Amino acid sequence: GRCRVVGGVVETPPPRLALEEILVRTELDLPHAGRRGWTDAPGSFAAGHLDEGTGALLRTLTPFAPGTRVLDYGAGTGVIGAVAAALGAEVTLLEADALAAAAARCNLPEARVVEGYGWSALDPDATFERVLANPPWHIGKAETVAPVLEFLAGVPRHLAPEGSVRFVVQRRLPVEATLRDSFARVEVVADRGPFRVWQAGGA
């Protein structure tokens, strides 16, 4: 019909590349942290630039009290965590992709990097005063609120007393009802174009 199956055989396997040959050096201009060299991973989200949603979240941040424990959930190469560190936080990065996590270690050598998918990768007793995220809202190419709701479901177990979560999502995603069911305090911190920055606490 209109389909064709194509196959091939690699006679000589390609050489194994060292990690340094895979990661890409670039520069990013980050709110509160300024312009700095940056290590990116091929295929990572918004590789080589600061995406609009993350930028909206970062511009709402203010300095943290010394010793504030901050989790960058779904950290990618560590953009949110880098700004939190520049603002005085002690940062933990949680990232499922091994290449992105390797890049994050280059970008934030002082941070703790946890490789794994979702909350189950963390120590069950780990708590943070602040959780920051630009959570994914796709599974493959399909747009869905499911990963955002999965993220929100785990937040209360890992918030310290009086802690809060701040995250950015497409403003059309239906998250308000879930937030109000799970947290005593819910507010919109910023509403810019297609993006909305939410903060919640008091689970």
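Tutor: Aspartate 40 is found in strand 2 (strands are DSSP runs of E, at least two residues, and helices are runs of H or I, at least four, both numbered from the N terminus). Keep in mind that this is a predicted model, where local features need pLDDT of at least 70 and side-chain atom pairs pLDDT 80 or more, while totals for chains, interfaces and linings use all residues. Residues are numbered from 1 along each chain as its sequence is written, and side-chain values use heavy atoms, leaving out hydrogens and water.

Now for the aspartate: Aspartate 40 is buried yet has no salt bridge, with arginine 25, the nearest side chain of opposite charge, 9.0 Å away. Buried here means under 20% relative accessible area, exposed over 50%, partly exposed in between (1.4 Å probe, protein chains only). A salt bridge needs a side-chain nitrogen of Lys or Arg within 4 Å of a carboxyl oxygen of Asp or Glu; Lys and Arg count as positive, Asp and Glu as negative, with His and the chain ends not counted. What aspartate 40 does have is a 3.4 Å polar contact with the side chain of serine 44 (N or O atoms within 3.5 Å, one able to donate a hydrogen and the other to accept it; sequence neighbours count only if both atoms are side-chain atoms).

Elsewhere, the whole structure holds six salt bridges. One of them joins arginine 35 to glutamate 27 at 2.8 Å; arginine 35 is exposed at 56%, and glutamate 27 partly exposed at 43%. Another pairs arginine 69 with glutamate 129 at 3.0 Å, linking strand 3 to strand 6 across 60 residues.
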